[in-house]
Amino acid sequence: MDLKQIQYFVALYEEQSVTRAAQRLNIVQPALSMQIAKLERDVGRQLFRRSARGMTPTPAGDEMHATFAPIVSAFTTARAKVVRSGGQLSGHVQVGVVASLGHSVLPNTLIQFMAEHPRVTLSFTEGLTESISESVANGQLDLAFINRPTRPSGLAIEHVIQEEVLLVSSHNTPMDIADRICLDEVKDRSFIMPTKSHGLRQLIARALSKSNLSIIPVLEIDSFSAIATLVNEGPYLTFFPEDIVRNLKCRASIDLRTHHLIEPAMHREIVCATNPRRPLSPAAEKLSTALISAICKAHASTQANTDAKPANTN
């Protein structure tokens with residue numbers, strides 16, 4: 001029995017799936033199965049029951065996990081301390097982000113981070129909250145910045161920001177909509193929204209349901225830039241978090257008109273999600289701190305600009 005076998009066992013015990021455990025360990029499934037079979041021969045006991053639903057630990061497996069999980073955790077912590085004490089950070093960090101963050105704070109933050117830590121390589125994946133959460137849970141991603149999950153995920157969740165979701169229209173098409181408005185007043189207008197699987201669309205749907213309102217969009221599309229272009233050029237409305245509006249203006253030169261919703265008011269919460277069973281490496285911790293700081297600073301800047309902006313009078 002060696003440390004590698006123990007690490008493989010702990011991963012399989014915690015994931016209860018050969019596929020997920022292999023992904024977490026970054027190895028092929030046959031290698032994991034071979035090591036677990038060898039471990040069972042070495043200890044002379046069956047550690048897992050195999051079924052169509054996955055790998056279920058036996059009482060012997062439960063006993064072994066209770067004994068060896070602290071050892072693996074201590075080893076991971078000790079290795080991180082050695083790496084940290086060696087001076088320059090190194091390693092590979094995999095991060096997931098919802099699309100609305102992908103083009104906002106990332107470029108400047110990553111340029112600075114890579115300049116300060118040239119031995120760290122990074123991989124970023126954009127996607128929807130649900131799929132990114134699954135990737136963090138199964139070990140494909142180290143951390144993720146997502147909308148707060150609406151269902152229990154088993155992930156460690158850290159609040160980052162909460163931002164207002166605004167009704168958005170075009171400066172180019174007069175629509176006679178006040179700066180502050182109840183959604184019931186415009187529910188029959190033409191709306192463009194993300195598809196139903198999108199986190200923002202789900203947030204909108206929950207708010208509409210609580211207010212007994214219904215809006216059927218004339219077009220569904222997940223690209224924020226495409227939605228912004230269509231709204232900017234035509235007589236359409238949409239809903240955007242305030243930071244997306246700022247980012248579109250700064251990086252895409254699309255200046256949209258915004259309206260605060262009185263009823264129902266909408267807000268979305270961005271969180272940092274990690275797997276509590278997989279401690280972050282020093283490089284991942286450093287990157288997480290840098291990204292959280294950048295997101296918070298960008299949001300504070302948006303808030304300051306919003307407070308200083310004169311109200312629409314139409």
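This is a predicted model: local features need pLDDT of at least 70, side-chain atom pairs count only at pLDDT 80 or more; totals for chains, interfaces and linings use all residues.
**Overall build**

The protein chain contains 11 helices and 12 strands. Its C-alpha atoms fill a box of roughly 80 × 45 × 25 Å along the principal axes. Of the 314 residues in the protein chain, 47% are buried. The chain exposes about 15,800 Å², and 51% of that area is supplied by carbon and sulfur atoms. When contacts between residues at least 6 apart in sequence are considered, 77% of them join residues at least 24 apart.

**Strand S10**

Strand S10 covers residues 238-241. S10 pairs with strand S6 (residues 156-169) in the antiparallel sense, over 4 bridges. Within this pairing, Thr 238 of S10 has Val 168 opposite. In a regular strand the side chains alternate between the two faces of the sheet. In S10, Thr 238 and Phe 240 point one way, while Phe 239 and Pro 241 point the other way. These four residues are all buried.

**Aromatic pairs**

A search of the whole structure gives 4 aromatic pairs. Two of them are listed here.

| Pair | Centre to centre | Angle between planes | Class |
|---|---|---|---|
| Phe 9 and Phe 48 | 5.6 Å | 50 degrees | tilted |
| Phe 191 and Phe 239 | 5.3 Å | 15 degrees | stacked |

The relative accessible area of Phe 191 is 0%, so Phe 191 is buried. Phe 239 likewise counts as buried, at 0% relative accessibility.

Ala 11 is placed in helix H1. With a relative accessibility of 1%, Ala 11 counts as buried. Leaving aside residues up to four places away in sequence, Ala 11 touches Ala 21, Arg 24 and Leu 25. Ala 11 and Arg 24 are 13 residues apart in sequence, and their C-alpha atoms are 7.4 Å apart in space.

Arg 24 is also touched by Arg 278. Arg 278 lies in the loop between strand S12 (266-274) and helix H11 (282-308). Its relative accessible area is 17%, and Arg 278 is therefore buried, as the limit is under 20%. Beyond residues up to four places away in sequence, the contacts of Arg 278 include Gly 139, Leu 141 and Asp 142.

**A nonpolar surface patch**

Leu 3, Ile 71 and Phe 75 make a nonpolar surface patch of about 220 Å². One of these residues, Ile 71, is found in helix H4 (residues 59-85). Ile 71 has 42% relative accessibility and so counts as partly exposed.

Notes:
Residues are numbered from 1 along each chain as its sequence is written. Side-chain values use heavy atoms; hydrogens and water are left out. Buried means under 20% relative accessible area, exposed over 50%, partly exposed in between (1.4 Å probe, protein chains only). Helices (H or I, at least four residues) and strands (E, at least two) are DSSP runs, numbered from the N terminus. Two strands pair if DSSP finds at least two bridges between them. Patches are made of residues with over 30% relative accessible area and no salt bridge: like charges are joined within 9 Å, nonpolar side chains (Val, Leu, Ile, Met, Phe, Trp, Tyr) within 5 Å. Accessible areas come from the Shrake-Rupley method with a 1.4 Å probe; for residues, only the protein chains shown count as cover. A salt bridge is a side-chain nitrogen of Lys or Arg within 4 Å of a carboxyl oxygen of Asp or Glu. Rings of Phe, Tyr and Trp (its six-membered ring) pair if their centres lie within 6.5 Å; planes under 30 degrees apart count as stacked, over 60 as edge-to-face and the rest as tilted. Contact means heavy atoms within 4.5 Å.
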